[in-house]
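Student: Could you walk me through this model, question by question? I'd like the cut-offs along with the answers.

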Amino acid sequence: MSATISRGQIPGGVRDMKMAEQLSRSRSRKNMIAKTLCMSATAVALAFLAAILGTLFWLGFSGIHWSVFTQVTKPPGSGGGLLNAIVGSLIQTVIGTAIGTPIGLMVGTYLAEYSAGSVLGNAVRFVSDVLLSAPSILIGLFIYEIFVAPFGGFSGFAGCLALAVIVIPIVVRTTEDMLQLIPTALREAAVALGAPKWKAVVFVCYRAALNGIATGILLAIARVAGETAPLLFTSLGNLNWSVNMSEPMSSLPVTIYQYAGSPFDDWVQLAWVGALLITFGVLALNIVARFVLKPRS
Amino acid sequence: MSQSAIAASPARPKGKSSSLGDLIFATIAKSAGVLVLVILSAIIISLFIGGLPAFRAYGPNFLINPDWDPVNQIFGAAVPIYGTLITAVLAIVMAVPLAFGSAFYLTEMAPDWFRRPVGTAIELLAAVPSIIYGMWGFFIVVPIMGDYIQPFLIDNLGDLPMIGALFQGPAFGTGILTSALILAIMILPFIAATMRDVFMTVPPVFKESAYGVGCTTWEVMRSIVLPYTRVSVVGGIMLGLGRALGETMAVTFVIGNTNRISTSLFGPGNTIASIVALEFPESPAGSLKLSALLALGFLLFVISFIVLAISRFMLRTKVKS
């Protein structure tokens, strides 16, 4: 096209100008269409979030009452609350995180500080990343096979173990990423001062990466607090009050699952309340992790 | 790379306690790493051993047998496998355009002050527990699908010659399409976040040169960003697929839970995860049914392991750097 213009023939030039204008118009039109579609896609994604949160507020908020937090689950038609489910969820989440976090932390440390380029290190990194996205229901089945079936039945502790397996890869990912961000000079400085390597890692690198590691732990808590599928085969759920770790234990997600699928209106109402509690708890943890701690990434 | 620098400094005095401390710390770290490998192997092996009686009883037939008949002790995996794959693939088809649009908007179009809140909101969508998606789907999406969307599709597409069969049958609201829709909403943020991260890895100078010769935003995306990130984008989509394959709670609420392969997208079905969650309470320890469920779990693990492994392989190059 530029060749025709350079020939400088006026009629052709005018035609080319017109063509160029048309082309530019069609290009900018395409651009506008693509941009509009992408904006709508973003709007749709945000609308889904708004719709879910709106529904939870609409249907759950009216059911929030003191009895939800002070009474245990009761048979349909006789009121009751979610106390045992809330307490069970807290216990299992806390213990599961407490078991999984140190392991995940050490794996992350191994990957960032000790494994560079080794075959074992790459294998661990790969497997950990696969575990991160592996179906959580299979982790429940796994704990059922190795713990629940051979050692006398469903228990709160089995639930903690299942959650711990889910926590590990999440903590591994953030710990490794955060330790990688620590400049090598910092480690060299610590070693130059005569610190053994483990002290350099624990007192220099961990401290520098503290916010990031804490973010990972909070995200892990948020993730396992809402897990349902692995608990179905491990802690099973319990409609009575129980904090005995060797007995089936109630949890908020499993109770929501049981109640939401029931034909009783008051149970469904309680399920919405539970859904509201757990969602806002989980989202609050996420927001704290993202904004208050603000990892330097 | 860091420890090679440290290891190469033999000048420091070797206190006995410090080298012992180093040894202990390194051993703990390494054993933790090995533990992760052990956990993964143990998952595979325990599911396989648990499913062995079913594999033995049915042989390769297990994979293609569409029956699930507890009364006659006949269990086949064909329907759950079909349901798992079809819902996951449909979910990808619905989620990818939305995820791509959001990622494009977030990296190229959104004003700076707007990026963080919108990005966070989309990440929060990923944080919502799956049971909530299931409940929301069951009480909100299913009625909408049953009252409006499915009748509309049946009226307008049901009579078409080739694809009509996909859009026929009674509009219950539940079924394959509804499950895929819920799954799509769930995996959208994962795909969008990965795409956004890989779009960010395109060197600015590439994009600036394209803008410099007069490209529009869309042309920069199509001709510069997408070709540069192609492999990682597919990796991100595979990651979403891996998530969709194993999702349990959201699907169990809305899929209809029937062991049947129907031609219509509105027909009920089941997935590996949903049948395991639903049938497990009625499967006594040691029964053939429990073994069949564990065998299904093993198959699901193999499928998602392959998908996730491909995804990791494709994402490795770009996201890491």
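Student: What is the mean pLDDT of chain A, and where is the pLDDT below 50?

Tutor: pLDDT is the predictor's confidence in each residue, from 0 to 100. In chain A, 95% of the residues reach 70 or more, and the mean is 90. Where pLDDT is low, the predicted coordinates should not be read in detail. The stretch of chain A with pLDDT below 50 is residues 1-8.

Student: How many residues of chain A are in contact with chain B, and what area is buried between the two?

Tutor: Contact means heavy atoms within 4.5 Å, and 91 residues of chain A are in contact with 87 residues of chain B. Buried area is the accessible area (1.4 Å probe) that two parts lose on being put together, summed over both. Carbon and sulfur atoms give 80% of that area between chain A and chain B, which is about 7800 Å².

Student: Which residues of chain A lose the most area to chain B?

Tutor: Three residues lead here, and together they account for 8% of what the chain A side buries. They are A:Ile52, A:Leu138 and A:Tyr257.

Student: How many salt bridges are there over all chains, and how many between chain A and chain B?

Tutor: A salt bridge is a side-chain nitrogen of Lys or Arg within 4 Å of a carboxyl oxygen of Asp or Glu. Over all chains the count comes to 15. Between chain A and chain B it is three.

Student: Which network does A:Asp129 belong to?

Tutor: Start with the salt bridge where B:Arg312 meets A:Asp129, N to O at 3.6 Å. Salt bridges that share partners make one network of A:Arg125, A:Asp129, A:Arg173, A:Glu176, A:Asp177 and B:Arg312.

Student: Which residue pairs with A:Glu113 in a salt bridge, and why does the pair tie together parts apart in sequence?

Tutor: The closest N and O atoms of A:Glu113 and its partner A:Arg187 are 2.7 Å apart. Because A:Glu113 lies in helix α4 (residues 83-114) of chain A and A:Arg187 in helix α8 (residues 184-192) of chain A, the pair ties together parts 74 residues apart in sequence. Helices here are DSSP runs (H or I, at least four residues), numbered from the N terminus. So the partner is A:Arg187.

Student: Is A:Glu113 buried or exposed?

Tutor: Buried means under 20% relative accessible area, exposed over 50%, and partly exposed in between (1.4 Å probe, protein chains only). A:Arg187 counts as buried at 4%. A:Glu113 has a relative accessible area of 0%, so the label is buried.

Student: What about B:Glu108: which residue does it form a salt bridge with?

Tutor: The closest N and O atoms of this pair are 2.9 Å apart. B:Glu108 lies in helix α4 (residues 78-109) of chain B and B:Lys207 in helix α8 (residues 204-212) of chain B, so parts 99 residues apart in sequence are tied together.

Student: Why is helix α6 of chain A largely enclosed by the rest of the structure?

Tutor: Helix α6 of chain A covers residues 136-148. Its buried residues include A:Leu138, A:Phe142 and A:Glu145.

Student: Which residues does A:Thr279 touch?

Tutor: A:Thr279 is found in helix α13 (residues 265-292) of chain A, and it is buried, with a relative accessible area of 0%. Not counting residues up to four places away in sequence, A:Thr279 touches A:Leu53, A:Leu56, B:Val128, B:Pro129 and B:Ile132.

Key. Residues numbered from 1 in each chain as written. Chains lettered and ligands numbered in written order. Heavy atoms only, no water. Helix = DSSP H or I, 4+ residues; strand = E, 2+ residues; numbered from the N terminus.
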